[in-house]
Structures are given as C-alpha cells and as structure tokens.
Amino acid sequence: MIHPIPPGTRDVLPDEMRELRALTETLRARFEAEGYGEISTPTMEYEEVLRRGDERVAGAGYRLFDEHGQVLVLRSDMTIPIARVVASRYDHVEPPYRLCYFGNSYREVSRGSGQAREFLQTGIELIGLPEPQGDAEVAALVIEALSDAGLKRHRLGLGDGSLYRTLLAELEVAEDERMPLLEALSRRDLVEVGTRVERLGLASSASDLLTTLPTLRGGPEVLELGRHEPVSPAVENLRACHELLAERGVADRVIFDLGLVRDLGYYTGAVFEVYDPAVGFALGGGGRYDDLVGSFGRDLPACGMTLDVQRVHVALTAEEREGAA
Amino acid sequence: VNAAANGLKIAVPRGALFEETLDLLDTLGIDTAEVRSNDRKLVFPEAGLVTMRPSDVPTYVEHGAADIGITGKDVLLEQVRREVYELLDLGYGLCRMIVAEREGSNAMAESLRRLGAVRVATKYPRIAAAHFADTGRQAEIVEVKGSVEIAPLTGLVDGIVDLTATGTTLSENHLVELEEICECTARLIANPVAHKLKAAEIDDLIERIREAVAP
C-alpha cells in the first residue's frame, strides 16, 4: 500500500541518512573550527517580517494562516531570517558575526521538473566584514569545507551582481531598457541580450562591451579583459579577492565570471556559485548583501553562501564512483 | 575521441531541424555519417552526439546529461523556466508561431463577442496562454499532442496556435492565419555548469559555428 507524499519532498531512509549525516558533520566541523557558530531559526515566519528583507523571496513558496489570521510563510532561504536575528538579538556583541546553519528550506517548483520542494540547506554568513576580506573568507571557507567532505573537482564561480546594472547606468542606457536587459541576462538568454543591445544603437565599443561582458569567464586574465572604466570598482574588488584567495591557496579553484547573476534581489556586490562536473546544477551560491541587515534596522555589511546538501551528496557519490573506477 | 566536438556532449534534435543540424555539425568536422545511416540508434559516443525529440533537448541540457544542444526557439519559449544558456541564433529552421481558424468561419471573433472567451487548441499551451493574456482576450487553452489542424475541423475548438513553415498544412486543412505571434529559428543552448567548467571548449565551438552560419 503506497500512501503518497507531495512531489518534490522525500523520505530519507537509514543508509542515505547515515551518509548525509557524515557529510553535514564534516562541513559543520570545518565551519565551527573557523569560528562559525551554528544557528537555528523557525521554519515558518511572519510574511511581513521576511518581506522587509526581500519582496520576492518572502512572497514565494508556501503561506498559511495562524489562529489569529496572521500570514506565515515557510522560509525559502536562511539568509533573510539570519539578517533578522542579527538585527534583533546581537546588539550587545561587537561585529563581525560568523554563523553557520543546517536546515530545510522550501520553494515552489514546476510540475515534472524533478526539483525539490523541500531541500536541506547548509551555509555560512559573515556579517560585519566588508569587501574584499569578507568575500574572500566566505569563498575560501566553502571551497575548503567541500574539499574536507571529499570533493576533488569542485570550482567556485566569482562575479559581481551589480556589474551589469552599473554598466547600463554608466553607458546611459535608457531607464526602461535596463530592466528587460537584466531580465534577459538572468534568464541566461544571451541571444535576447544581443538583439536588445543592437537595438539600442550605441557606439560599437559600448555595444561590444554589453554583449561580451556576460561571456567573460575563466582565470584571473578575465579581470584584465574586464578592466573598463565604468566597471572598474567591481573588477578591482574581484582582483583584491583573487589576491586574498591566492594567499589562502585556493585561487586555482576559482572561475572569475563577469556574467554571473544570481536571481535573488538583495545582492549588492560579489556573487558566488559552486560547481562540480558531476552535477548539472550549481551546488549552491551566495554573495554580498550589504543592505539586507540594514533593512531590518542595523547597518552592517554582510556576505554569505549556501549549499544544497543533497546536490553535494550526489557530487560525492559520483566522485567515489570515479575514484573507484 | 570526438575532438571536433571539443569533447562536448551535444544534444541533436530529430525532426524538422535534424538535416540542417547534421549539415552544420559536418561543417564543424563532426562525423555524422553514422547518425545519417542509422535512424534507430540514438546515442553516438564517438561523435559526442545524442539524438532526441526537439522538446527533450532542454531537459537533457538543463540536467547536464548533454553539455550543449540545438533546439527550436518555439521549444524554449514553451519551456521558459528551464535553466539553460541560450547562446546563439543559428538562423536556420525559420518558422512562425501563428493563430489560425477555419477559413470563412470567423469562429474566434464570434466566440469572443458572444461567449466571452475563445477555445484554442495547441501543442504550445504556455505560448498560447501568454499570447491571449498579453492581447487582453480570455482563452480556454486545449492541449493536444498530435495534428492540431484537425481540432477546429471537428468542432473541438474555435482556432489553433501552431508553428508553420510554409503554410501548406494550414491551407490543406482550410485554415487561415489570423495573427503571427513570433518567428522561431534554431538555437544553441548550454548547461549552466558546463558553460563555466568547459568555457574554452564551448567558446571555441561557438566561434566555429559563428563562422559556419555567417551570412
């Protein structure tokens, strides 16, 4: 007799649970060793409180009413709740704050996509340390923790979430043309980006910059190609990150990616994604969100990254298979 | 192995785009002889190719089972939430997404006027729904899997949304085009992780394709 569970959710039985537990213990040990204390927040929160952090994130996923008619949401990420905690409970402690978490988050999925509705996330948040030190510390720690867990081929994509927006403003692209271009870019539709840029009728150097920038990715040489006046502050930060990551011995794991955009609205600077050749989706990602904690009433720069534990597990099993072969 | 494909795994669409896609792969130096001679085999590891229905290409590419793929813009518009890079308009396979109804029937306008909504059959429910919503008309979308042309003839619906290249199928079934929704051509798409981890291989292939399809 089969009693159904909602698509995109799953039961975890002991064999898998043992492996997941071993994986999360390894990650937790590394995070704790670097001073990132574990934190837990409620699975459900008041919608209007999360909305302060980000309109779209708070609105997504699942809502319910409590017994007083208040709207509750199942959290769709851990970063906004942690920003709330830091703004309301850490008044008496000097920043920076280093926190890590392990917990389920929830998102809506389209039918038949095979994606998880409930997924186990882990991550770190570094609040109170500005760029580039904060960016480099977060990126390096995630790379090292995944190496501890047993991954050998993982790479970290490093870009800047404000790069393209800044470039559009600096090149004086009409306001109403900017949003469609940014949307096309975040849909990864480079054909549409090209068509729209062509229609703008800019000088050819500006046109070239707008169409090629999203495709610039690779080693630190990419930062040389990206050394154009309008975007130089962002590129300078990436260059500074590169130096810090090189000092820590993890620079060869980093792919600089000037076209990297994350969907979440609250990123203000560096953005990250983590890849492994065994998995077709990013294992996780994150970035700098200097305005988020401020939107809860405490002005602190912040940076963080999250990993989808199950995808890391998939990458690990592939790693073991290929290692054995 | 598959040096001409830069070691990439390529998803190739069977159907209307098949021949021209194989011609393009030939000009890149990828050996398609076996693909052409054996239409029951689907996977060709030596050439780095895997063949499938065009509508499955985004699925394989999104999950990384293929690094890159070729499919129609119609497929990408219908599966708009797929997380894939759309890298290149390949120019071939040009056709148009259109709205059509039975010749002389005026069925869609009449239904809208008297019943408040049109009934439309299509293999592209998302594109059709978006088109009618964008133009401020209520529509009941009926999804069918095969020959859409017969749907208005049998009284299932008032009109259809479908892809047409030459218009022959439409006229053979006494259908007339009312509106064009968009033009569609073949597109090169890539898995987001492959786009980062195999950047040099993909960029080199794009360069060679650009030269091959340059007008």
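Begin by selecting Glu319(A), which lies in helix α12 (residues 309–324) of chain A; helices here are DSSP runs of H or I with at least four residues, strands are runs of E with at least two, and both are numbered from the N terminus. This is a predicted model, in which local features need pLDDT of at least 70 and side-chain atom pairs count only at pLDDT 80 or more, while totals for chains, interfaces and linings use all residues. Residues are numbered from 1 along each chain as its sequence is written, chains are lettered from A and ligands numbered from 1 in the order in which they are written, and side-chain values use heavy atoms, leaving out hydrogens and water.

Is Glu319(A) buried or exposed? Glu319(A) counts as buried because its relative accessibility is 9%, the limits being under 20% relative accessible area for buried, over 50% for exposed and partly exposed in between (1.4 Å probe, protein chains only). Next, display its contacts (heavy atoms within 4.5 Å). Apart from neighbours within four places in sequence, Glu319(A) touches Gly150(A), Leu151(A), Lys152(A), Arg153(A) and Asp276(A).

Now turn to chain B and select β8, β7, β9, β6 and β10, which form, in that order, an open sheet of 5 strands with mixed pairing; two strands pair if DSSP finds at least two bridges between them. The edge strands, each pairing on one side only, are β8 (139–143) and β10 (175–184) of chain B. Within the sheet, β7 (residues 118–122) and β9 (residues 159–164) of chain B run parallel and are joined by 3 bridges. Thr122(B) stands opposite Val161(B) in β9(B).

Then select the second largest pocket. A pocket is an open set of points on a 1 Å grid over the protein atoms alone, where a 1.4 Å probe fits, with protein on both sides within 12 Å along at least five of seven lines; lining residues have an atom within 4 Å of a point. Its lining comprises 23 residues, and Leu190(A), Gly194(A), Leu87(B), Leu88(B) and Arg210(B) lie nearest the centre. Which helix gives the largest share of this lining? That share, 8 residues, comes from α8(A).

Finish at the largest cavity, a set of points from which the probe cannot get out. Residues lining the largest cavity come from both chains, among them Ser186(A), Arg188(A), Tyr275(A), Tyr85(B) and Lys196(B). At least two lining residues each are supplied by β10 (270–275) of chain A and α9 (192–197) of chain B.
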